Amino acid sequence: MCGIVGFFAKGSQQAEIGRPVIDMLRALGCRGPDSAGVALFGSPNDNAFVVRVKLGDGGDLGSRSHKLVAYLETVTGCSHISTNASYARFLANGETDLLRLTAGVEELDEDFEIVSVGRRLEIVKQTGSPDNLEKTYSVSRSMGTHGLGHTRLSTESRVDLSHSQPFWSHGYPDLAIVHNGHITNYHQLRRMYEQRGTRFYTENDSEVVAIYLADQLRQGASLQESFERMLRDLDGSYSCLAATEQQLGFVKDAFALKPLVMTETTDFVAVATEEIAIRSAMPGLYSVREAQVGEIRVWQR
Amino acid sequence: MAEIVCGNRSTREINEEIRRIIATGEHEIVVQGPGARHNLGVAVLAPVRIRFAGSVGYYCAGLIDGPRIEVDESAGWGLAESMMNGEVIVRGSVGNGAAAAIRGGTVVIHGDAAARLGVSMKGGTVLVAGSCGYMAAFMGQKGTLVVCGDAGDAFADSLYETTCFVGGSIRGLGTDAIVERPSQQDVGWLDSALSQYLPGSQRRGNEFKKVVAGRKLWNFDKREWKVWQEAL
């Protein structure tokens with residue numbers, strides 16, 4: 001199953017986004033008890049990237065965090081280093097070579113993984129329920145413009161933090177996706193990308209969606225065009241949401257096999273697997289409809 | 001009239017309350033704040049009126065026989081699935097698989113329907129004021145499906161004896177579906193069904209296209225191998 005949600009505030013740059021995203025996720029908790037995660041787009045950092053690093057799923061997080069902090073203090077351009085539970089977070093100067101930084105961090109410890117990089121994007125995910133995610137990271141306090149959320153019922157790969165969603169497309173700042181469904185030509189696509197030198201961090205078929213969209217965007221396609229190509233190139237059943245620094249959009253597969261409903265008001269756009277998520281998070285009068293087969297929508301700030 | 005306020009109550013508690021009220025002989029129930037919960041009003045077998053004052057989730061009014069169930073806003077997947085008889089009226093839009101496999105009764109949708117509307121219908125009537133999505137009426141065996149707006153792709157694919165009417169355009173016909181001119185009798189029936197269930201509709205009976213089975217898939221004939229290749 002899995003549950004996915006997206007929220008896009010139309011007005012303020014500092015709207016409540018953590019709260020609607022986590023409230024929608026809570027209503028979909030029963031669709032995905034394995035893990036929960038959010039990708040939130042907060043205030044832009046002037047000429048700097050926010051980097052979030054997974055320290056590990058458990059074990060001695062303290063000593064691993066010391067190791068990472070000691071390393072980052074030797075790297076020029078890294079500042080504002082903090083750690084919380086399974087994550088370290090820091091700012092990297094806008095001129096930082098992201099590939100070199102990633103290699104440097106991930107070579108330090110086999111558990112380290114850069115989970116998100118962006119001027120605004122921050123991904124927080126872990127195994128367990130949306131309630132636990134909120135307890136550990138207080139994501140409901142986040143302000144910003146838009147965000148994604150995911151609750152996972154694992155069907156084809158292991159349950160741990162790295163296999164949880166949202167996925168960041170490693171190396172492409174500010175691009176995050178959440179996906180409900182199966183990509184049936186995943187192995188074919190993965191082999192193609194691996195032959196080109198792309199590293200896959202997980203065995204989760206959703207990871208290829210992030211890699212595919214980043215590939216299209218790098219080639220100069222818009223998010224809308226990337227979704228159109230995705231309908232042609234990715235087989236299977238999927239409802240998928242993607243967000244960039246200024247956009248949020250969705251695509252529904254060519255057979256309408258997975259649910260996805262949406263509403264748009266003058267103040268916000270909300271997209272979710274089930275209407276119960278939108279109704280329980282946002283009071284008020286608005287109408288909700290199911291997305292049609294092969295439908296693509298992109299909202300831009 | 002009895003009222004149920006959903007509040008924080010579970011679906012099971014609400015459905016049990018509906019049954020308890022019906023058992024007292026009450027004929028009208030209003031359910032406040034359904035909040036798009038799933039499985040509401042399933043298998044109601046008495047001729048009562050139930051109004052959900054809001055949205056409902058999946059499988060609302062499934063397996064019913066006799067009641068009139070109204071939904072003020074939208075409905076999720078599998079609305080009125082396999083209903084035997086009764087009326088289901090939705091003021092908003094509906095998700096995938098609405099009125100799938102119904103055997104009788106009437107389903108009225110004031111908004112739009114998503115994919116697989118009225119698949120495998122075995123009787124009854126479906127009326128949609130708006131448009132319908134992909135694969136509507138797939139393998140429909142009996143009954144009538146009316147779409148006042150546009151129909152999506154693969155409309156009326158592999159049809160048996162369901163009769164379909166479309167007021168707007170058809171994005172793509174399914175395999176073996178053919179378009180006919182409605183008879184005078186059809187036009188009369190459409191006008192009376194629309195005035196009864198969708199009096200606000202601007203459509204007139206004579207504006208509809210009629211879609212039925214071409215009957216080429218009903219019996220296997222190896223001389224028509226090409227048709228089968230296309231269908232499968």
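Axes are lines fitted to C-alpha atoms, for helices over the stretch in contact, and angles run from 0 to 180 degrees between N-to-C directions. From α1(A) the contact draws on Ile22(A), Leu25(A) and Arg26(A), and from α4(A) on Pro130(A), Asp131(A) and Glu134(A), where two residues are in contact if their C-beta atoms, placed from the backbone, lie within 7 Å. These residues divide into 3 nonpolar, no polar and 3 charged (Ala, Val, Leu, Ile, Met, Phe, Trp, Tyr, Cys and Pro count as nonpolar, Asp, Glu, Lys and Arg as charged, and the others, Gly among them, as polar).

Residues are numbered from 1 along each chain as its sequence is written, while chains are lettered from A and ligands numbered from 1 in the order in which they are written. Because the model is predicted, local features need pLDDT of at least 70 and side-chain atom pairs count only at pLDDT 80 or more, whereas totals for chains, interfaces and linings use all residues.

Chain A as a whole has 8 helices and 18 strands. Its radius of gyration is 18 Å, close to the 19 Å that the globule rule gives for 301 residues, so chain A is as compact as a globular protein of that length; the radius is taken over C-alpha atoms, and the rule is 2.2 Å times the number of residues to the power 0.38. Along the principal axes, the C-alpha atoms of chain A fill a box of roughly 55 × 45 × 35 Å. Of the 301 residues, 50% count as buried, a residue being buried if 20 or more other C-beta atoms lie within 10 Å of its own, exposed if 12 or fewer, and partly exposed in between, with C-beta atoms placed from the backbone. Among the contacts in chain A with a separation of 6 or more, 73% join residues 24 or more positions apart.

One open sheet of chain A consists of 4 strands in the order β5-β6-β4-β7, with antiparallel pairing; two strands pair if DSSP finds at least two bridges between them. Its edge strands, each pairing on one side only, are β5 (78–84) and β7 (113–118) of chain A, and the twist averages 20° from one strand to the next. Within this sheet, β4 (residues 48–54) and β6 (residues 87–93) of chain A are joined in the antiparallel sense over 7 bridges, and Val53(A) has Ala88(A) in β6(A) as its bridge partner. Helix α3 (residues 98–108) of chain A packs on the sheet and touches β4, β6 and β7 of chain A, its direction making about 155° with that of β7(A).

Strand β8 (residues 121–127) of chain A is mostly covered, with 7 of its 7 residues buried. Leu121(A), Ile123(A), Lys125(A) and Thr127(A) point one way from β8(A), whereas Glu122(A), Val124(A) and Gln126(A) point the other way. Strand β3 (residues 35–41) of chain A pairs with β8(A) in the antiparallel sense over 7 bridges, and Ala36(A) stands opposite Gln126(A).

A further open sheet of chain A has 5 strands in the order β11-β12-β13-β14-β18, again with antiparallel pairing, and its edge strands are β11 (167–168) and β18 (296–300) of chain A. Strand β14 (residues 247–252) of chain A pairs with β18(A) over 5 bridges, one residue pair being Val251(A) with Ile296(A). Helix α7 (residues 223–233) of chain A lies across β13 (236–243), β14 and β18 of chain A, running at about 20° to β14(A).

Chain B comes to 3 helices and 11 strands. Its radius of gyration is 18 Å, close to the 17 Å that the globule rule gives for 232 residues, so chain B is as compact as a globular protein of that length. Buried residues make up 49% of chain B, and residues 24 or more positions apart account for 23% of its contacts with a separation of 6 or more.

The contact between the chains takes 13 residues from chain A and 21 residues from chain B. On the side of chain A, α8(A) gives the most, with 4 residues.

Key
Helices (H or I, at least four residues) and strands (E, at least two) are DSSP runs, numbered from the N terminus.
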